[in-house]
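The sequence and structure come up here.

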Amino acid sequence: NREQYDFEKYDLETRWELNEDNEAGYVDRCVESETATLNKRIKLEIICKHIEAYDYQAAWRVARSIDKMLSSDSMALLEGAFKRFMLDISGAEVAFRKAGVSLMPAMSSDRRFIVEYLLWLQIKQQRGDLVDFIRGLTPVFVDVFLLALKEKCRIDFGTYCEKDARGVMRVKRYKMQQKNPELLNYLDQVFGNRGGVKEGPLGSVVLLKTFEHVCQETNIVQKAVSLREVEENARNTAAHEIVSVTDEWLKKMVGYDSRKIMKLLKDFTQMTCSDIKPSIWESYDEMNRLIIKTLTAPVVKE
């Protein structure tokens, strides 16, 4: 309305009586503002791009800025994806249940976290975050070797350890002496130049030597040896020195690029745990497709 009014003297009743839009057959000249819808569409595109790039923190941050425009299922899925990538497994499961879906691989608790951690490493590798990728190897090497010994060799090395106040597993010689003296004698011979097996934090070296001693499958043992070489020659350097970690640097240090290291780790895990199938490694991509489908469905209807 281009007219200017002195609203203190505005005769509302007369204006209303003379308003042509009150007559029969009037033409509705009102239009809804498209600003909110446009804003939603732009941010939906941004969220989808973040999901495709496995950047769940950024996707969740953008989604919260337009949470009133998104469905409860969309928000639950995005929350679950964010918590899953942060390795908050229980929090992710709760969020996914709000959306009425189950996106976490079904397996026992002792291997679920290992698989989720491997998936986290896989995303770091795919995104090119190679410093985080290589520094994140040591924790999973210990867990994967523990699981391999338990599944393939029926040795629960964790029973030879105790957790300290910080939750770190520490080797206890007296427990090994009670439960597996033959293994203790063997490891003492292997580490004879160091005074035998030390009562310290459990590391991958002790587990690897145990695996070499008890596992009869040469190809699996060789993969374990290769993984330990990656840790010794690349991970330890990256953890204690300021270096630029690239695929070229990794090839120089261990002879493998990041893709090969990740494949080696996945292959070893599958070979030692029968219920871990190749399809598990596509779990995040399946989750992404469902999230994007849920997000884009309202846009199609508009």
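Q: How are α4 and α5 oriented to each other, roughly parallel or roughly antiparallel?
A: This is a predicted model, in which local features need pLDDT of at least 70, side-chain atom pairs count only at pLDDT 80 or more, and totals for chains, interfaces and linings use all residues. Residues are numbered from 1 along each chain as its sequence is written, and side-chain values use heavy atoms, with hydrogens and water left out. The axes of α4 and helix α5 (residues 89-98) are 8 Å apart at an angle of about 165°, where axes are lines fitted to C-alpha atoms, for helices over the stretch in contact, and angles run from 0 to 180 degrees between N-to-C directions. Angles over 145 degrees count as roughly antiparallel, so α4 and α5 are roughly antiparallel.

Q: Which residues of α5 meet α4?
A: Contact means heavy atoms within 4.5 Å. From α4, the residues taking part are Asp73, Ala76, Leu77, Glu79, Gly80, Ala81, Lys83 and Arg84. Their partners in α5 are Gly91, Ala92, Ala95, Phe96 and Lys98.

Q: What distance separates the end C-alpha atoms of helix α4 (residues 72-85)?
A: The expected span of a helix is 1.5 Å times one less than its number of residues. The 14 residues of α4 should therefore span 20 Å. The separation in the model agrees with this: 20 Å.

Q: How many of the 14 residues of α4 are buried?
A: Buried means under 20% relative accessible area (1.4 Å probe, protein chains only). Among the buried residues of α4 are Met75, Leu78, Phe82 and Phe85. The helix is mostly covered, and the number of buried residues is 11.

Q: What is the orientation of α6 and α14 to each other?
A: Helix α6 (residues 109-127) and helix α14 (residues 258-272) have axes that come within 10 Å and cross at roughly 165°. The residues in contact include Leu118 and Leu121 of α6 and Met262 and Leu265 of α14. Given the crossing angle, α6 and α14 are therefore roughly antiparallel.

Q: With which residues is Thr138 in contact, leaving aside its neighbours within four places in sequence?
A: Thr138 lies in helix α8 (residues 137-153). Its C-alpha atom is separated by 7.7 Å from that of Ser204, 66 residues apart along the chain. With the neighbours within four places set aside, the contacts of Thr138 are Glu231 and Arg235.

Conventions
Helices (H or I, at least four residues) and strands (E, at least two) are DSSP runs, numbered from the N terminus. Angles under 35 degrees count as roughly parallel, over 145 as roughly antiparallel, 65 to 115 as roughly perpendicular and the rest as oblique. Buried means under 20% relative accessible area, exposed over 50%, partly exposed in between (1.4 Å probe, protein chains only).
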